[in-house]
Amino acid sequence: MSTEAQSELAETFVEGVVRCFGLSATVQSTVVDDAIEVSVSGEGLGLLVGPRGATIDALQELTRTAVQHRSDEHTGRIHVDVAGYRARRAAALKEFAQRIATEVVESGVSQALEPMSAPDRKIVHDSVHEIAGTATTSEGEDPRRYVVILPAAGEAGEADEDDADGGDSAIDEDVDSADVDDDVDEAADAEDADDAEDADDE
């Protein structure tokens, strides 16, 4: 099955899920660099996002599984976004990571972020590398793997390679912890949460 056919299948599957939720939305799919991008747009779609993006992540995984089940060839990467949530989260996560990086530069004390997915960790790594005097590394094992932001002098290795091969790097024991989800999701999905609450009230 071609990537274009897989894209159409993914779009059809997501449309069916949207109908099951009783929501009115437009679903479109495109193929970008061999990746399938499925976009859901409309009003009041907070239920499809869920708290901290839990529902949209589940929808993306279900869509990938459905396409793989129907395809007799390798399935390309599938990304599902709802009302621009992922773009808003990425922007909020970048802002958060750079704020923490600035604090690290000023204090000289490393800070460990909350566990997050590999795509979110990459956003943090890329964002922090824009701040002079900082470095990043990853610790732990999925799904509890997290990023540590360090002063540049304390760099333990290449952060992106660390994420790629699953290795760990030693860091100082005296590391502060920064809560990613509370700060990032407050900025990224406050509107979606309101939509979900309104729907529950109805």
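Predicted model: local features only at pLDDT ≥ 70, side-chain atom pairs only at ≥ 80, totals over all residues.
The protein has eight helices and seven strands, and buried residues make up 40% of its 202 residues.

**Overall picture**

- Among the contacts in the protein with a separation of 6 or more, 64% are between residues 24 or more positions apart.
- The protein exposes about 10800 Å², and carbon and sulfur atoms supply 47% of that area.

**Helix 1 with helix 3**

- Helix 1 covers residues 3-20, while helix 3 covers residues 54-70.
- The two helices pack with their axes 9 Å apart and at an angle of about 130°.
- Helix 1 and helix 3 are therefore oblique to each other, since an angle counts as roughly perpendicular from 65 to 115 degrees and as roughly antiparallel over 145.
- The crossing of helix 1 past helix 3 is right-handed.
- On the helix 1 side, the contact uses Gln6, Leu9, Ala10, Phe13, Val14 and Val17; on the helix 3 side, these meet Leu59, Leu62, Thr63, Ala66, Val67 and Arg70.
- By type, the residues of this contact divide into nine nonpolar, two polar and one charged.

**A look at Phe13**

- Leaving aside residues up to four places away in sequence, Phe13 touches Leu62, Thr63 and Ala66.
- Phe13 and Arg64 are 51 residues apart in sequence, yet their C-alpha atoms are 9.8 Å apart in space.
- Phe13 counts as partly exposed because its relative accessibility is 29%, and that class runs between 20% and 50%.

**Helix 4 with helix 5**

- Helix 4 spans residues 85-107, and helix 5 spans residues 118-128.
- Their axes come within 9 Å and cross at roughly 50°.
- Helix 4 and helix 5 are therefore oblique to each other, as roughly parallel would need an angle under 35 degrees and roughly perpendicular one of 65 to 115.
- Helix 4 passes helix 5 in a right-handed crossing.
- Helix 4 brings Arg89, Ala90, Leu93, Lys94, Ala97, Gln98 and Ala101 to the contact, and helix 5 brings Asp120, Ile123, Val124, Ser127 and Val128.
- Sorted by type, the residues of the contact of helix 4 with helix 5 are seven nonpolar, two polar and three charged.

**Backbone details in the loops**

- Arg52 has a phi near 55°, which is a positive value in a residue other than glycine.
- Arg52 is found in the loop between helix 2 (46-49) and helix 3 (54-70), and with 45% relative accessibility it counts as partly exposed.
- Ala83 likewise is a residue other than glycine with a positive phi, near 55°.
- The loop that holds Ala83 runs between strand 3 (78-82) and helix 4 (85-107), and the relative accessible area of Ala83 is 28%, so this residue is partly exposed.
- Asp142 and Pro143 are joined by a cis peptide bond, with omega about 5°.
- Pro143 lies in the loop between strand 5 (134-139) and strand 6 (146-151).

Key
Residues numbered from 1 in each chain as written. Heavy atoms only, no water. Helix = DSSP H or I, 4+ residues; strand = E, 2+ residues; numbered from the N terminus. Buried < 20%, exposed > 50% of the residue type's maximum accessible area, 1.4 Å probe, protein only. Axes fitted to C-alpha atoms, helices over the stretch in contact; angles between N-to-C directions. Left-handed = near helix turned anticlockwise from the far one by under 90°. Contact = heavy atoms within 4.5 Å. Nonpolar A, V, L, I, M, F, W, Y, C, P; charged D, E, K, R; others polar. Areas by Shrake-Rupley, 256 points an atom, 1.4 Å probe, with all protein chains shown as cover.
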